[in-house]
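Trainee: I would like to go through this structure and check the words we use for it.
Mentor: Good. Let us look at it together.

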Amino acid sequence: MRKSHAHSLTSPIGNIKLSEIKMTSASSLVRRSNLRTLIPAIVTAIAIQGASCQAPAITLGSNTPTPSTAVRPRIGLALEGGGALGIAHVGVLLWLEEHRIPVDEVAGTSMGALIGSLYASGRSAAEIEHLSTDTNFDTLFTLQPSLSELSFRRRMEKTELPQAITIGLRHGTPSLGSALIADDQLNAFLSREMDGYNSENLDFDKLPIPFRCVATNLTTLRPAVFRTGSLPFAVRASISIPGVFPPVRHGDDILVDGAILDNLPIDVLRDEQHAEVVISVYLGDSPFPEQDASSAVGIFERALSAGTSRNVELNRPHADIEIAPQVQAYSVVDYRKAKALIHAGYAATESQRAKLLPLALSEADWAEYQAAARSRKRTPPSLIRTTAVSGPDAATSKQVQVLANTLNNHPFSAPRAEGVVATLRGDGALSAYYETFSSASTQAGTAVSSTVPDDGVKIFWHPRAEGPPYLLLGTEVVASTSNVTSTIFDIRFVDQNFGGYGSELLADVRLGYRTQANAEFYHPLGGTRFFIQPDVQLRREPVYLWQDQRRISERFLQHAGGGFDAGFAFSRNLQTAIEYRASTIRWTLVDGADSSPTPQLSGREESLAAHVIFSTRTAAIASPHGTSVDLQVGHLFDTSASKDAPFVELKARQSFTFANVNLISISTEVDSYFRNQVADPLRFTLGGPLRLYASSIDEYRGTDVELVRAIYSRRVASLPTGIGQGIYVTGGYEQGNIWSPEHPAIFVQDGFGGLLFSTPLGAITLGGAVGDDDHRKLFFTFGKLF
């Protein structure tokens, strides 16, 4: 039998041992057949001895009691995978606990591994029930991560291009990635709920209940059984549905969902854990709807299910007692129906009470059994005294170590450790996770007691399979009645770690209504949070001037130049910079006639500004909560046809949700040259979607503008694809003020309403607006929420 590279203790991704499972031999089947013949006799003997029979406790190590099985068979529980259907396992556990049926071994696959691991690590059935019914699984299984999980630069990128499709180019071949669902929240959930068991020193046989879970090794094409190492990592590998969740890398091995080869691991309980009585929980096969026969996805899913069903059918006969919850009316994504699924599991177990009750313990034996399990429970790490990093590149590992060192000499906190890992993942270049370890075990080279808390954290990282570099492709469309239709195609190239860890090359091309090309190079200084960022830019676009809602002229505007930023990245939420910009300007009349204060211009512009960006928004489109502030304060100088003038540009937004489905957003914009005379092409504008809906795009121009907006949105349908995604009925009010040296202040207001579709491909809005002075518009937008 060939050994996996992941057996090595020097593996860059942990030290969890994997084993390749042999198919059941003929002699093994004979042995099991004989055992099943003996079980009724054993059970009868237990029943005759009754409650007075107590076996002496067996000690393990110093004085750790273990459940006595000297006069009873060891009972194993096999839990099948099945997505949300696996929540029925919780009902099975509730019934077994209520009737004092001991479980001495647990083996599970996929969702069975998740429920089984929680039980094996010392959670009661009632605690798991509470977790299953209270967890919002929609936030765990999303197509896109929350903005709060992204680095500052990726957060800004997602805000600018929420509609973009990301294509990885790492191997020279375009790749859309290996999974539909982002796993950031899932990884955090597993680490948080099993914080005492996320240890590289862990022996699964020393858990409160000995445990095994199964994944599929795509490298060796064999099942992989986890028996040591990090429990969250093992479960994460077992539930990695191919194409849905990203696969898990373990040394040189690539691991996915164990359901492919062993979805009901009775064989693991028999051959490896030596269970003498096996109780299996079988979730059944889902029906094949007629409509799926005409769908490529439906056919692929059914073909995958065929292999899973076959391996389950081979294992089912080797269970002594089978519990089969009636879950045919539910789907694998019905996580919101947890209570009904738990009830189905409880009812199915009740139907097998005649076979199960002879296995029940007396109250005294049950108390001994529970005490033994409690004595094996691990406590989370207390004070972190040391950190380590494991990855394929020494230079990158050195930078990661700087981040890991922030955990040293602090009390262990799973959210804090996950925050460090999220920082690494959030920039899109690395995959990462963490495990805890015992420094005493590392120094001695041997395992320590399973109940001694770890005092170290190790960060494991690996380059993402699909990129960088990445190519982002998106489209923006803005259309309204009696107006200009704007269509722009966005192409962005991003190469994180270009020029070293943390550095980034970014190039943008925009085609259509606006033509734009720019490039920038972001480079942190000496591994610190200080950075520099030079950039160059060319922008060409038509500008339409309006009078009484009529377009009276078309002008051409071109900026060509560049700049240099120097700043400090405080966190993924906050960045500050000093920004210098210099460019040439061309401003010419193409068609019509107007009274622009700058009839023609071919000159230059220079400015210096302090720029602060702060954001706690969790979604780029319909963020359920959060604050965003974008503030620039600077000075315009040596600019053609303009006075030297101070300027301020402020955009601020606050969002909050009440009663779960009602979203309120209040925002403001203030842009000002403090009433100084500046050239027309440099002035601020208002008009268009979310900037006075009932007005034409950029209908108003001035040196000083102010806009206030309040929006109410009610979510009428949710999409399980990302935070805040779904369908909203929305309405709002806007009011703006525009001032220029040539004209008195203009006050404009309007009300709008319509539908907002927040999707993985961006925002779609459709509606109408009515304003003062007979302003009316029907509008449609696609791309971002303008």
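Trainee: Which strand is serine 628 found in?
Mentor: Serine 628 is found in strand β23, residues 626-637. Strands are DSSP runs of E, at least two residues long, and helices are runs of H or I, at least four; both are numbered from the N terminus. This is a predicted model: local features need pLDDT of at least 70, side-chain atom pairs count only at pLDDT 80 or more, and totals for chains, interfaces and linings use all residues. Residues are numbered from 1 along each chain as its sequence is written, and side-chain values use heavy atoms, with hydrogens and water left out.

Trainee: Why is serine 628 called buried?
Mentor: Its relative accessible area is 17%. Buried means under 20%, exposed over 50%, and partly exposed in between, with a 1.4 Å probe and protein chains only. So serine 628 is buried.

Trainee: Which residues does serine 628 touch?
Mentor: Leaving out residues up to four places away in sequence, serine 628 touches Phe614, Ser615, Arg617, Lys651, Ala652 and Arg653. Contact means heavy atoms within 4.5 Å.

Trainee: What makes aspartate 495 count as buried?
Mentor: Aspartate 495 lies in strand β16, residues 486-496. Its relative accessibility is 16%, so aspartate 495 counts as buried.

Trainee: Which residues does aspartate 495 touch?
Mentor: Pro468, Pro469, Ser503, Glu504 and Leu505, again not counting residues up to four places away in sequence. The C-alpha atoms of aspartate 495 and proline 469 are separated by 4.2 Å, though the two are 26 residues apart along the chain.

Trainee: Why are α3 and α4 called oblique?
Mentor: The axes of α3 (residues 111-120) and α4 (residues 125-134) cross at roughly 135° and come within 9 Å. Angles under 35 degrees count as roughly parallel, over 145 as roughly antiparallel, 65 to 115 as roughly perpendicular and the rest as oblique. Therefore α3 and α4 are oblique to each other.

Trainee: Which residues make the contact?
Mentor: Ile115, Leu118 and Tyr119 of α3, with Ala125, Ile128, Leu131 and Ser132 of α4. The residues of this contact divide into 6 nonpolar, 1 polar and no charged. Nonpolar covers Ala, Val, Leu, Ile, Met, Phe, Trp, Tyr, Cys and Pro; charged covers Asp, Glu, Lys and Arg; the others, Gly among them, are polar.

Trainee: What percentage of the protein chain is buried?
Mentor: Buried residues make up 52% of the 786 residues. The protein chain has 16 helices and 32 strands.

Note on methods: Axes fitted to C-alpha atoms, helices over the stretch in contact; angles between N-to-C directions.
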